Amino acid sequence: MSKLSVDLKKIISHSKEYGYIFPSSEIYDGLSACYDYGPFGVELKRNIKDYWWRSMVKSRLDVVGLDSSIFMHPGIWKASGHVDAFNDPLIDNKDSKKRYRADQLIESYIEKLNSKIEKEVKKAHKRFGDKFDKDQFLQTSVRAQDYLNTITKTTKLMNQYLIEEDYGSLKKLIEEIGIVCPVSGTKNWTDIRKFNLMFSTKIGSVADQATDLYLRPETAQGIFVNFLNVQKTARMKVPFGIAQIGKAFRNEIIARQFIFRMREFEQMEMQFFVRPGEEMKWFDYWKKERIKWHKKIGFSENVLKFHDHENLAHYANAATDIEFKYPFGFKELEGIHSRTDFDLRSHEKHTNKKLQYFDSELGESYTPYVIETSIGLDRMFLAVLCQSYTEELVKENTRIVLKIPPILAPIKVAILPLLKKDNLPEKSKDIYNKLNNFFSCYYEEKDSIGKRYRRQDALGTPFCVTVDHETLDNNSVTLRNRDTMDQVRISIDDLIIQLNNKLSF
Ligand code: ATP
């Protein structure tokens, strides 16, 4: 068997065909960057949430949960800095009329230079064979050095101009390095403008008395403004965390790459409150914990990496991203930020209310510092799909199989009568009723058994139980493994124990 290469288009069409993800409002020709999760998608999403909640909240004594509202007092977004600073630099190409994020145009240019370096490395590796030393080559190759210097210089300038919001210089940089519009191929750019990503709306029935509100762009602020409510009612002692899963909304300038960048998405966030001065210790701790979480689900070393931020957000004193290797390159899956005491202090200032904690061990009150872990549920969903989607050649036919980690699979076991007669459906339904109390099960009798196996492979079901005439004689069934396609005969009485062993961590 060989695994063929995967691209995003295949994942998108597979997701639609097998009830994982549909474009939103499809019969009205869709709504850009919005998606609906179908019958199997909703289960996978739920299982990812459970996996996160179980490890971040249920299995820990020092983290508790919260579910705060999406609408919050508009003052919160002033205090958090989102009204003034949650902006992206927007630029248009005058010929194609296409709109871009200026920083993303420059990042794509840097990515292209990185691929050129990789190409040089590959060529040299071929030439020198086993004796090839990549570090030495990068230091001595004039061409590679040229590319590396351009990358360093461009990155530094871009970060500087973004921090200073010096959009005139940012535009000049785009022109100097010769970035062209991917659609028109021209350098005919407009000036760069600031674009706030928050969606606004109104609350109240009478227009002139209505209050302007924002749809929350992150779930974190709901945690900060409830800091003392949670700390007191759950009797938490610093260090402790508050976790929340919920929707967030951002009016992204360009939303592409399927569910990677949406305008309505879900976040799984945890804010961990620590003593001032201890934040770096906890930042390192959460980096290790979070990468362990990703590896435990089966993501391998070569699809994950840390990317430390140089261009820190206004509230952070350290930040890193966990990047996943999507079909379109390494991109942010999760952010881990040391947010200092910025948010709590800012809410104190705007409300004149203390958000302090009395540390009885130290005998003093302080505003805690915060470490945040924030992962996009939809980006995690896409990462799981990308990692799982496999095309294999089996006896010269292509088998498409979603090798979803069993713990996350929407259906754990499919119960399939070999034929639609001879009492096999009735026996199968008995087994279904028995197993469905323990695992999420599926019953199907339509089509040949081979076709049904292929459909369950494509849905990512880890096990199929097949009921045949022998079942009626000796109470045994066939248990088929999705990944190996091995089939074993097993007594119905042993099914629950066997499956439990295979389906739990
Ligand atoms: P990016 O740089 O990709 O825009 P970000 O740094 O703005 O992301 P954060 O503000 O750190 O993202 O948000 C935390 C997490 O929320 C991200 O790691 C990502 O997984 C998720 N996320 C952010 N924006 C989106 C979006 N538009 N669609 C889907 N998920 C998102």
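**Close-up 1. Where helix H1 meets helix H13.** Leu8, Ile11 and Ser15 of H1 touch Leu382, Leu385 and Cys386 of H13, contact meaning heavy atoms within 4.5 Å. By class, these contact residues are 5 nonpolar, 1 polar and no charged; Ala, Val, Leu, Ile, Met, Phe, Trp, Tyr, Cys and Pro count as nonpolar, Asp, Glu, Lys and Arg as charged, and the others, Gly among them, as polar. Helices (H or I, at least four residues) and strands (E, at least two) are DSSP runs, numbered from the N terminus. This is a predicted model, where local features need pLDDT of at least 70 and side-chain atom pairs pLDDT 80 or more, while totals for chains, interfaces and linings use all residues. Residues are numbered from 1 along each chain as its sequence is written, and side-chain values use heavy atoms, without hydrogens and water.

Close-up 2. A polar contact here is a pair of N or O atoms within 3.5 Å. A ligand oxygen lies 2.6 Å from a side-chain N or O atom of Glu332, and an oxygen of the ligand is 3.0 Å from one in the side chain of Arg250. At Phe260, a polar backbone atom sits 3.3 Å from a ligand nitrogen.

**Close-up 3. The shell around the ligand.** Take a look at the 16 residues around the ligand (a heavy atom within 4 Å): Glu252, Arg261, Met262, Glu332 and Leu333 come nearest. Strand S13 gives the most to this shell, with 5 residues. Sorted by class, the shell holds 4 nonpolar, 5 polar and 7 charged residues.

Methods
Polar contact = N/O pair within 3.5 Å; in protein donor to acceptor, adjacent residues only side chain to side chain.
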